[in-house]
Amino acid sequence: MDVSWDDIAPDFHRITGRIVWCTVTTIDRKGRPRARILHPIWEGSTGWIATGRRTLKARHLEKNPYVSCSYWDQQHEQVYAECTAHWDDSKESRHRLWDVLKETPSPVGYDPSMFWPGGPDDPSFGALKLEPWRVEVWSLGEMASGKPSRVWRP
């Protein structure tokens, strides 16, 4: 069932904030999916991932900018965010993401200097921006009761 962002946002943020880590899938150079666990932080419907700038994922994104972000846990609530991903290499965005990560309470926030001791200007630090083209929220309870998933498209 298609819904507005205002309708889906509270559950989206509650679930992603509780689960925190999600499976992010890219497409490799041979067109095959490749999944890994990452830690996005969401501001409204825009996601950010602090991640290595010189990684296999970066090489995948050079060829195909689409990623699938999947959240699930033992409570059987799911969020799927299908996104276009791109690097925001501006100094302003890198510093802002760094500060947001440090200032956001755990478990969503963390100290990125654990991974990038050179700070937000560390050349290996990347600010990966996620812009969803489709977000789906559902739960096992909703499925069992016959309720359709809720889908938002910008």
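The largest nonpolar core of this predicted model comprises 27 residues, and Val67, Cys69, Leu130 and Val135 have the most contacts inside it. Such a core is a set of buried Ala, Val, Leu, Ile, Met, Phe, Trp, Tyr and Cys residues joined through side-chain atoms within 4.5 Å; buried means under 20% relative accessible area, exposed over 50%, and partly exposed in between (1.4 Å probe, protein chains only). At least two residues of this core come from each of helix 1 (5-19), strand 1 (22-27), helix 2 (56-63), strand 5 (66-72), strand 6 (77-87) and strand 7 (125-139), with helices (H or I, at least four residues) and strands (E, at least two) taken as DSSP runs numbered from the N terminus. Helix 1 gives the largest share, 6 residues. A second, separate core has 13 residues, including Trp48, Leu97, Tyr110 and Trp116. As a general point, nonpolar side chains tend to be buried together in soluble globular proteins.

Residues are numbered from 1 along each chain as its sequence is written, and side-chain values use heavy atoms, with hydrogens and water left out. Because the model is predicted, local features need pLDDT of at least 70 and side-chain atom pairs count only at pLDDT 80 or more, while totals for chains, interfaces and linings use all residues.

Leaving aside residues up to four places away in sequence, leucine 130 touches Pro40, Trp42, Ser45, Thr46, Gly47, Ile49, Val67, Cys69, Cys83, Thr84 and Ala85, where contact means heavy atoms within 4.5 Å.

In helix 1, the buried residues are Trp5, Ile8, Ala9, Phe12, Ile15, Thr16 and Ile19. The buried residues of helix 1 pack against strand 3 (41-43), strand 5, strand 6, strand 7 and strand 8 (150-152). The end C-alpha atoms of helix 1 are 20 Å apart, which agrees with the 21 Å that its 15 residues should span at 1.5 Å a residue; the expected span is 1.5 Å times one less than the number of residues.

Helix 2 has Lys57, Ala58, His60 and Leu61 buried. These residues cover an arc of only 160 degrees around the axis and therefore lie on the same side of helix 2, the arc being that of the directions from the helix axis to the C-beta atoms. Glu62 and Lys63, on the other side of helix 2, are exposed. The buried residues of helix 2 pack against strand 1, strand 2, strand 4 (46-52), strand 5, strand 6 and strand 7.

Strand 1 and strand 2 (residues 33-38) run antiparallel and are joined by 6 bridges; two strands pair if DSSP finds at least two bridges between them. Threonine 23 stands opposite isoleucine 37 in strand 2.

Aspartate 73, between strand 5 and strand 6, counts as buried at 16% relative accessibility. Its side chain makes a polar contact with the side chain of arginine 18 (3.0 Å), such a contact being a pair of N or O atoms within 3.5 Å; within protein, one must be able to donate a hydrogen and the other to accept it, and residues adjacent in sequence count only if both atoms are side-chain atoms. Valine 20, in the loop between helix 1 and strand 1, has a positive phi of about 70 degrees although it is not a glycine. The peptide bond from serine 106 to proline 107 is cis, with omega near 15 degrees.
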